[in-house]
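Thanks for coming, everyone. Please put the sequence and the structure up side by side.

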Amino acid sequence: MKKLKMSIAAVLLLAVTFTNAQEKKKMEHDHGDMKMDHSKMMNKNSDANAEAIFSDYFDLKDALVGDDTKKAAHASTKLVATLKAFDKSSYTKEQQEELSDIIEDATEHAEHISESAIDHQREHFKTLSEDIMDMVDITGTKNTLYQQFCPMYDKGSAWLSTSDEVRNPYYGSKMLKCGKVQKEINK
Amino acid sequence: MKVVKKVGIILLIAFVGIQFIPTKRNQSDVVPITDIHVIYNVPKQVETIFKTSCYDCHSNNTSYPWYNKIQPVAWLLENHIDEGKSELNFNEFGDYSGRRQKSKLKSIASQIRDNEMPLSSYTIIHQDAKLSEKERELVIQWVDKTIENL
């Protein structure tokens, strides 16, 4: 009888630990899902929608430049919301398809960034940057942007910046000025 | 001691009770045309690695362990598999856009490179799912080559 009791206790203990872990995970997820509060009241102009996405992307980039995981997570949570709010109806059918793919992929990366450690954030930021660059190709932008490139990170990685001064989001303070301007957009 | 006994009995009843709650099973016999090995040229060795180490949570067919018959383990696994499949489903790889396929491939390589997948909580029970250094190398090489050719 004692043995039986012990094993019941053990099983239950196990169950409690598991559910706790599950719950904790869920909470983290919920946190990453706080999307709605930032879907700003912007006008229906699709360009403004795109600019909002770019603006969140730059906040994210700056956070990574500053080695700030928390800020990066926050910016990417905002980015998830602005990506969701994007209205592609004014684009051609082909562009719409491309934009859907871009947004789907970018959203996934942004979600991961909102719940990861900095190394992981940077890994996802690389692919996210490719998505955003492709997006700029389609939507255009009112600002002058600089496509910058770091040859060292993961066999070479690019990102976008509003300034021509290189501040490296892949290495942050470790190699702040590593990289070069690869392309100027709208200059 | 009386209280302990009472609590014990209540818990025992609860434990037996939850055994009757059904869970959805992730099982399917068909290999869909969207499976990764149909749309890409996956070498046999790599395919075997995927199947033994990844498919339990990243496909529509799980080969369940015996203890899946016991609650709350079954719930736990169900949860796990749902999450795994929503992240990556090898059976439905062809349904992803080209852009996402590339993203997914990249993530596969980086997760394996960082030793994050397969999950240690999974390999502790499924020893055969553990990847050797050579197996990891094989997968990463194949993924990198595939991305380059995209």
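How many bridges join β1(A) to β2(A)? Five, and the two strands run antiparallel. Before we go on, two housekeeping points. This is a predicted model, where local features need pLDDT of at least 70, side-chain atom pairs count only at pLDDT 80 or more, and totals for chains, interfaces and linings use all residues. Residues are numbered from 1 along each chain as its sequence is written, while chains are lettered from A and ligands numbered from 1 in the order in which they are written.

Some terms. Helices (H or I, at least four residues) and strands (E, at least two) are DSSP runs, numbered from the N terminus. Two strands pair if DSSP finds at least two bridges between them.

Now the sheet in chain A. Three strands make an open sheet, in the order β2-β1-β3, with antiparallel pairing. At the edges sit β2 and β3 (180-185), each pairing on one side only. On average, neighbouring strands are turned by 25° against each other, direction ignored. Axes here are lines fitted to C-alpha atoms, for helices over the stretch in contact, and angles run from 0 to 180 degrees between N-to-C directions. Look for A:Phe149: its bridge partner in β2(A) is A:Ala158.

Helix α5 (residues 118-139) of chain A lies across β1, β2 and β3 of chain A, at about 55° to β2(A). Contact means that two C-beta atoms, placed from the backbone, lie within 7 Å.

Next, a loop. A:Asp154 sits between β1 (145-150) and β2 (157-161) of chain A. Its phi is positive, about 45°, although it is not a glycine. Is A:Asp154 buried or exposed? It counts as exposed, because it has 12 C-beta neighbours inside 10 Å. The cut-offs: buried is 20 or more other C-beta atoms within 10 Å, exposed is 12 or fewer, partly exposed is in between, with C-beta atoms placed from the backbone.

A:Asp67 also has a positive phi, about 55°, and is not a glycine. It lies in the loop between α2 (46-65) and α3 (69-84) of chain A. A:Asp67 is partly exposed, with 15 other C-beta atoms within 10 Å.

Over to chain B. A cis peptide bond joins B:Gln71 and B:Pro72, with omega about 0°. B:Pro72 is in the loop between α4 (55-58) and α5 (73-87) of chain B. Another cis bond joins B:Met117 and B:Pro118, with omega about -10°.
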